[in-house]
Amino acid sequence: MTPLKLFVALSALSAASHAMAWDYVLLDTDKAAQNWQITSQQLGIKTDKPFSVTLRTLHGGRQEGVSIVDIDNGTMKLSVVPTRGMNVLQASVGNVRMGWDSPVKEVVNPSFIELNGRGGLGWLEGFNELVTRCGYEWVGHPGVDNGELLTLHGRAANTPANKVTLHIDEKPPYAITLRGELKEQAFKKVDFSVATELVTEPGSVVFALNDTLTNNGDYPKEYQALYHSNFSTPFLEQGARFAAPVKQVSPFNDKAKGDLPDWQTYRAPTKDYDETVYNVVPYADAKGDTLTVLHNKAGSLGVSVGFNTQTLPVFSLWKNTDTQGQGYVTGLEPGTSFSYNRRYQRPLNLVPTIGPKEHKQFRISYSLLTDKAAVDKALKQVSEIQDGRETEVRQTPLVDLTKG
Amino acid sequence: MTPLKLFVALSALSAASHAMAWDYVLLDTDKAAQNWQITSQQLGIKTDKPFSVTLRTLHGGRQEGVSIVDIDNGTMKLSVVPTRGMNVLQASVGNVRMGWDSPVKEVVNPSFIELNGRGGLGWLEGFNELVTRCGYEWVGHPGVDNGELLTLHGRAANTPANKVTLHIDEKPPYAITLRGELKEQAFKKVDFSVATELVTEPGSVVFALNDTLTNNGDYPKEYQALYHSNFSTPFLEQGARFAAPVKQVSPFNDKAKGDLPDWQTYRAPTKDYDETVYNVVPYADAKGDTLTVLHNKAGSLGVSVGFNTQTLPVFSLWKNTDTQGQGYVTGLEPGTSFSYNRRYQRPLNLVPTIGPKEHKQFRISYSLLTDKAAVDKALKQVSEIQDGRETEVRQTPLVDLTKG
Amino acid sequence: MTPLKLFVALSALSAASHAMAWDYVLLDTDKAAQNWQITSQQLGIKTDKPFSVTLRTLHGGRQEGVSIVDIDNGTMKLSVVPTRGMNVLQASVGNVRMGWDSPVKEVVNPSFIELNGRGGLGWLEGFNELVTRCGYEWVGHPGVDNGELLTLHGRAANTPANKVTLHIDEKPPYAITLRGELKEQAFKKVDFSVATELVTEPGSVVFALNDTLTNNGDYPKEYQALYHSNFSTPFLEQGARFAAPVKQVSPFNDKAKGDLPDWQTYRAPTKDYDETVYNVVPYADAKGDTLTVLHNKAGSLGVSVGFNTQTLPVFSLWKNTDTQGQGYVTGLEPGTSFSYNRRYQRPLNLVPTIGPKEHKQFRISYSLLTDKAAVDKALKQVSEIQDGRETEVRQTPLVDLTKG
């Protein structure tokens, strides 16, 4: 892999000021994924801690041929899976792990998954990531809509990316950007492409996703997106808390009604709990930005998930506090939509349309909150966004699931 | 890849006269596809223009691992996809392209396609070829027949070929023959093999398919075949015309009734047009050969599709003159059958049977008509086959689709 | 592949006495399958006949990327397919072949199979092995149970194995052990792993499977297993016989009723016979071990299939004596269950449960009976296990298949 030194415009506002940057093609039509690594030392970059990006391929079982990009920014280690929709498999800082322990231990090549199996739940045979992209034709529970079985949470997570590239800024803070494109295309049905982008900086405990959905077709199309962001211990524990600026919260279904008073706190791993889900309409600041926080009981460790509500107006809180083996996990899920089947979401105005050649950007940032000060600061931000505005706690689900 | 020089009998009639030939195995059980090329220069052949055959593999996205064979006969460039049923992806002469622009941009590895998805329309997630083989257990629209969901147009296009070989005659005109075998096998269900063959000659603007379906089983079996041959600009345009010797034409469905008077002419790209389909029973000459022609409005450029009606007795004209982005394309589709679900075609006697160990040959030739003289000559041939015989324009579809 | 010489405890009872052994990793997360061979000569082992183990990869068609492990123990040649559930493709001693001729000629990569296709019969597109693992979430005919379509015979046969290892004892009889792990995992659904093991000894005409199913989950789960062991000529022929210590036999369905009086003898290849199946409850010895025998008409050649009834309490005799081309084959199938859809087997108490972290072992041994003496000896064992106990010949199927 030859490093290409390119002059890249850093911003549209300063097109005249150019900076050097390193750009690498990791995977392309004429370039097979192969073991490869680049380090800050090789680039002659001096940062507090050296960083590196590594490409490797998994073998054996249902993970045969799966590519993984490991980004070690010196502080945070991230693993991204080009073969699975550029999903973020996990991230960690020291021994603090963002992510969870799914029963699914392999990083499963989509070629071995039938999304239409198990009545449209085949997706569950590969689900184990920290961030799993859901969409973009649809998200939500399986079910028939317009005469077609929509499988759980769409196809994005099981769509391998093409043209995966790595970009490293050549001046401080030496931002590291990994890009991969997903194509959701079917004749007569859909012509979407999703330019995914993951950005982190050397030494940082933050990473951000910046995805651009494009409707390449000539017709407006319905679309949905949901970023299934999943955390477990050490954040999730008995007494852990969730915070967000909330305009409205409601139980996803009848089961979630019972725990509604405690929707912002978590149980210990609980046998037979299965899951409860709460639908949240968040408040945002003037720019549409909002912040959600998960922290441990002591408030000494947490994560925040920030996103822009202009394109991701709603949020699902998935509380799967069942046993460790079954999957002790909570999902913080910004989306265009909740997790109902698409046919239920049209009446809620949560099935937006993207015009021909139109773009939609989805920006989500994930921060590790490493100590009480960081947690408190994030909670303060939440509070500032809420700004004293009222929260409607709706007692009944938005959707009557007993009706087809 | 070592060139094997073999003595090959050129014909059964002259078994005594042998000619040299070059034979190469491109892909086999013990031979992985790998980048490779042979050129006329390497073979020491002097033709007006040099020719070459190239094998390459695609990477990234849903096209990971797809093999492509590029044949450049000196005049026409052809791309064949062993991984997708030996389909012809595209052909071109100079800047004249046979083929079309599907929203599906990748050459999709069947391992990433669920034909049973989208209610049996999963096939649409990979459809983008100039010639897509449909069959051979069934063709037609998805639907249940004999208690089984038949997915759109069968499995052939999503069946990777094994034992792909290249044969180049060692004497003029140095015919280039690419062969690949498709196996459609399922215990208790079917034991078909299809020996596919694509032939072209250096400098020619013609290529031909010569496929042999064999029922290896001990029982007679129903089969169907349809060669979905798809063209767009520069042939397809407002005022472009289709010509064929027609015994009977009928609208595929109620929608096609409205445009029946103009069934042989084409619209410009038309928003919300979707498609109309016309079912054609062609006349043929004494040997069963017939010819169909598509040409531009000026009659200065066209393509002809010739086939033998003994095994391909009917023809579908698919007019998908929707917008460019949606897919502005027309299909000239010789077949054993029309595009109805198999259960509708039995009463039409369009579900033939192949006996145990029996072979069926399907021969289709594709010619670029590079100028008005070539178009006129082809139209004259059409006229000679019609030979003044009557055309029945049937006003109503052959099938009442409102009945199960 | 570097041979690792390890000290391995030969048994828990003699942990103090260690023996040398050779251990090789053939396939693992960070180790791609590649052509490789080890021979007894290379190991410096002197056996009557040299033995070898070979790893190879198939290419082309639907078998692209399939790994095969060939074990030649000097007398018996075995082929195992890691990519297909560690199934035993075939075994042979000289020109005597254990296995059968399926219409499916390729060793099909599961990535090209939709188990949910053909109404849940997609499994038939890959079925051609001597031993096909069925299970472990379910076995049996396709059908809806608990609202989910269970596809034919479960997913094991189409689950590629990870971490495939070879172990050769360093002291006589130099047992050769091939291991591979199957993961059947889906969030919320199942967390099984199956440690498969195939053992043979140099010069032997026997091989054994020793599989351990583990429920890694926190909840008890239903499971089913069935070892679909398939034989044809030279054992199967007109007048060939099946013997077993039988407590109860019953016809699988109405069709099998007619041939019940002759259930232990076989027909010649018979046009339109299709199949009959008999459900057998075997007697076993005090340890639970039982033996079933298939031998030719002359009683001069046979195979025996032994298994332990503590985990495999029932047995299906599948008599598919249709034509050679259709598949002339009989299945000797030890199982937890018969071949009905799971919903029919609960009332029969044939859907066992495996507790959290519990293991279930399945042991099956396959012996070639090379002459009359060997056949007679096996039949004597069958008789000794029967030990004069009564056989109930039940005239009607255990399940009324006309009821949902």
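A salt bridge is taken here as a side-chain nitrogen of Lys or Arg within 4 Å of a carboxyl oxygen of Asp or Glu. In the predicted model, B:R56 and B:D70 form such a pair, with their closest N and O atoms 2.5 Å apart. B:R56 is partly exposed at 31% relative accessibility, whereas B:D70 is buried at 17%.

Over all chains, the structure holds 83 salt bridges. In chain A, one of them is formed by the side chains of A:R342 and A:D145, at an N to O distance of 2.6 Å. This pair also links distant parts of its chain: A:R342 lies in helix 4 (residues 342–345) and A:D145 in strand 10 (residues 143–145), 197 residues apart. Buried means under 20% relative accessible area; A:R342, with 10%, is therefore buried, and A:D145 counts as buried at 5%.

A further salt bridge in chain B connects B:R97 with B:D101, the closest N and O atoms being 3.2 Å apart. For B:D101 the relative accessibility is 39%, and the residue counts as partly exposed.

Salt bridges also occur as a network, which links residues of chains A and B. Its members from chain A are A:E137, A:E148, A:R155 and A:K189, and those from chain B are B:R62, B:E106, B:R118 and B:E125. In general, side chains of opposite charge can pair when their charged atoms come close.

Terms used:
Residues numbered from 1 in each chain as written. Chains lettered and ligands numbered in written order. Predicted model: local features only at pLDDT ≥ 70, side-chain atom pairs only at ≥ 80, totals over all residues. Heavy atoms only, no water. Helix = DSSP H or I, 4+ residues; strand = E, 2+ residues; numbered from the N terminus. Buried < 20%, exposed > 50% of the residue type's maximum accessible area, 1.4 Å probe, protein only.
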